[in-house]
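Let's read this one together, feature by feature, starting where two chains meet.

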Amino acid sequence: MDFIRPIEILLVEDSPADIRLTEEALKENKLKVNLHIAHDGVEAMEFLNKENKYADMPKPDLILLDLNMPRKDGREVLKEVKESPLLSTIPVVILTISKAEEDILLSYKYHANCYIRKPLDLSQFIDVVKKIESFWFTIVTLPPK
Amino acid sequence: MGTDLETNRRLRSFSTGCAILSAIISVLAILGWLTNNLILAQFGPSYKPMPLFPSYTYLFLSVTLLIYIYRPFNDLMVLLIKIALLFVLGLSILILLNDYTDFHLELEHYLLHYPIPLNVTGESRVSPLTLVKFILIIFAYLFMFSLKPNALKNISIAAWLSFIVLILASINLTGYLYSAPMNVYLGGSQITTTAITSSLASFFLSLGIIAAIGKDHRPLSAFIGPSLFARLMRLILPVIIIFFIINNWINVNVFPHYTEYAITSGIMSMLSIVLINLAITKISSKVSKDLESAHLETLKTKEKLQDALSYNRSLIEASLDPLVTINIKGKITDVNLATELATGLPREQLIGSDFSKYFTDPEHADKGYKEVFSKGFVTDYALTLQSASGEKKDVLYNAVVYKDKNGAISGVFAAARDITEQNKAEMAAKKYAMDLERSNQELKQFAYIASHDLQEPLRVITSYLQLIERRYKDHLDQDANDFIKFAVDAAARLQNMINGLLSYSRVETQGSSFAMMDLNNVVQEAIDNLTVVIEETKALITYDHLPTLFIDASQMANVFQNLISNSIKFHKPDQQPIIHISAEKKDGEWVFSVNDNGIGIDLKYKHKLFIIFKRLVGAEYTGSGIGLVVCKRIIERHKGRIWVDSEVGKGSTFYFTIPE
């Protein structure tokens, strides 16, 4: 599928280092991406519900969600998104360093669309980000907006 | 009891003998009549012969006594015996009526044929005394045969009836000692004397009956047994009897030849005095000897009792548990040393005081001892003793009632066990369990931290180092690139170690449950997991047939995988790795061994093998240094041990045990 408009991605991630790393990885890609950042779950829900300063923000095409964050964490965000009639169609990719089985299980139980562990190696990480992009925006048919 | 049995046996022999003697006498008399040797029925030419009717009757009564003694009877036999007894009773009464009233039936002449003519009418008549004896004996028999075993009183009546017969027989016999006449005049009428044979027969028969009735009934009971009374009776009665018999015999048979009255009575008096004195002396010496030995016996018993009492007292005092006895009113009647120590009070003060007041909860203590009285005992009744100084002791009471010899409850015997230490230990164990639970919880948390939080910054470090390398490689010199490589390598090692720590901590927290598992499958799974490295090194791995044991299969696979991969990793560079796994049962556990032909380990470092992050090899071998530590922890979770035997240059063998 060809995207004429830029792709809207919401990255929910508390670590600035990781945010930057994701940005850098996305830079190396061809696709035009609008990357929105939420630094924790509260901000993410405000963004998604277009509250406060996020009133004019678009509905994202994909959510990259970290699990461990201050205030509201990724698990709660996932649950709220998937339980909301308006938001549940947005694909959620869990992108985390946790390899705890309970996290993996819980994520799929709350209908995460996939669970990806951040690789340690930079080139692998860049590869993963590229693959997420190409998978969700060139292979997968997304729900209509 | 042994002497009781012996007495009974003797009495039985005695009564049997008596019955047989009286039977012999009657049989002789019958034979005498039948064979015309009347002497057999009279025992002396001048004596009256026993007529046929009493002869037959004595025979019958003797046989009946034998039957009674040996008790071969059943209900039918008892009935027949009773009928026969009633028949003889009837006959005896009729004959009595016939001879001494105007009611003449002459029954004897119909029933018995006298083969020889009798010259004197009196000789053929049955003595009325004999008839009376028959009636008495038959009544005695009727009592004896109709009795239920517990009707003791009636059987005593039988014994007394026989006793009367015995007295009558003795009168007859002593009469013969003094030359009894054929006929006696009694109240104006002439009655026939009892024949000596009849007297003897009735004498033995009545003795036999008394003996057969047994030693537990009067009059015999007065003569039998170890009591002083019985012994005196046994001693005195024969003396008196013999004394009077001799005295009268002399009187009748010797003195009539001497007519001087003064001399006669003088000699008789002196003789009596001497004999009575002799008898009394004998009795006195016997009694005083008995009393003396009884006194000695009492002293000895007292001494023994004293010993037993002091033994018991020592036992009670030696008990480390506080012991008390309590009376029905709840007052303490006895205590031991432990009670004094526990309460901190002397026994003089304790005895007589209320049992319940030495506890923190007197009502509960009250309830406790009352429960003993109602139920007979309590077990592990929990109370807290409070000593005079306020020190508290948790105790468990075990108590029973004790009874006097009549079975009436006279008090409670209570033993307290101090369980303060036990309670403390229990508390400590509980606290330990809670600590363990908490530390387990913390360990779980740690595992999570290790898997996520520690790795996060590490990943950032690595990623940014690599980003620098990626973006600025061409702008940096060789040194900078080397430094980045070192930093990245170290970060990778650190990540390895964190993963190792995680798996170490998960041995306990993530272990699955135990089940019976075939170790052959477990080892095969470990080998399968190592396929790549085995192919690379062309390692040869073999294993013996292994047992099926109660294990956590995935953890045991982990152990084998670790040991095998270690063996492969440390193979000699120029040699194919050969690894063999075997198992052997020894002292209730299985000893497993994993043997290789690798480089071996210097055993002076063996204590470092199983310590976390201690590596014995250089950087040319990769590894986190945690594999063996995890193995050790898994084996310990299986209640086993792990150790190594090795020689540098020859290879190593790792051993571990798993209980059967």
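Q: How many residue pairs are in polar contact across the interface of chain B and chain A?
A: A polar contact is a pair of N or O atoms within 3.5 Å; within protein, one must be able to donate a hydrogen and the other to accept it, and residues adjacent in sequence count only if both atoms are side-chain atoms. Here the rule finds 5 residue pairs, both residues at pLDDT 80 or more. This is a predicted model, where local features need pLDDT of at least 70, side-chain atom pairs count only at pLDDT 80 or more, and totals for chains, interfaces and linings use all residues. Residues are numbered from 1 along each chain as its sequence is written, chains are lettered from A and ligands numbered from 1 in the order in which they are written, and side-chain values use heavy atoms, with hydrogens and water left out.

Q: Which helices of chain B supply at least two residues each to the side that touches chain A?
A: Helices (H or I, at least four residues) and strands (E, at least two) are DSSP runs, numbered from the N terminus. The helices here are α15 (420-453), α16 (455-472) and α17 (478-509) of chain B. The largest share, 11 residues, comes from α16(B).

Q: What is the size of the interface between chain B and chain A?
A: The size of an interface is often given as the accessible area lost when the parts come together. With a 1.4 Å probe and summed over both parts, chain B and chain A bury about 2000 Å², 52% of it on carbon and sulfur atoms.

Q: Which residue of chain B forms a salt bridge with E24(A)?
A: A salt bridge is a side-chain nitrogen of Lys or Arg within 4 Å of a carboxyl oxygen of Asp or Glu. The partner of E24(A) is R471(B), with the closest N and O atoms 2.1 Å apart. The count between the two chains is 2 salt bridges.

Q: What is the strand order in the open sheet of chain B with mixed pairing?
A: Two strands pair if DSSP finds at least two bridges between them. The order of the 5 strands is β9-β11-β12-β14-β13 (chain B). β9 (540-543) and β13 (642-647) of chain B each have a single partner strand, so one side of each lacks a neighbour in the sheet.

Q: How many bridges join β13(B) to β14(B)?
A: There are 6, and the two strands run antiparallel. E647(B) stands opposite G651(B) in β14(B).

Terms used:
Buried area is the accessible area (1.4 Å probe) that two parts lose on being put together, summed over both.
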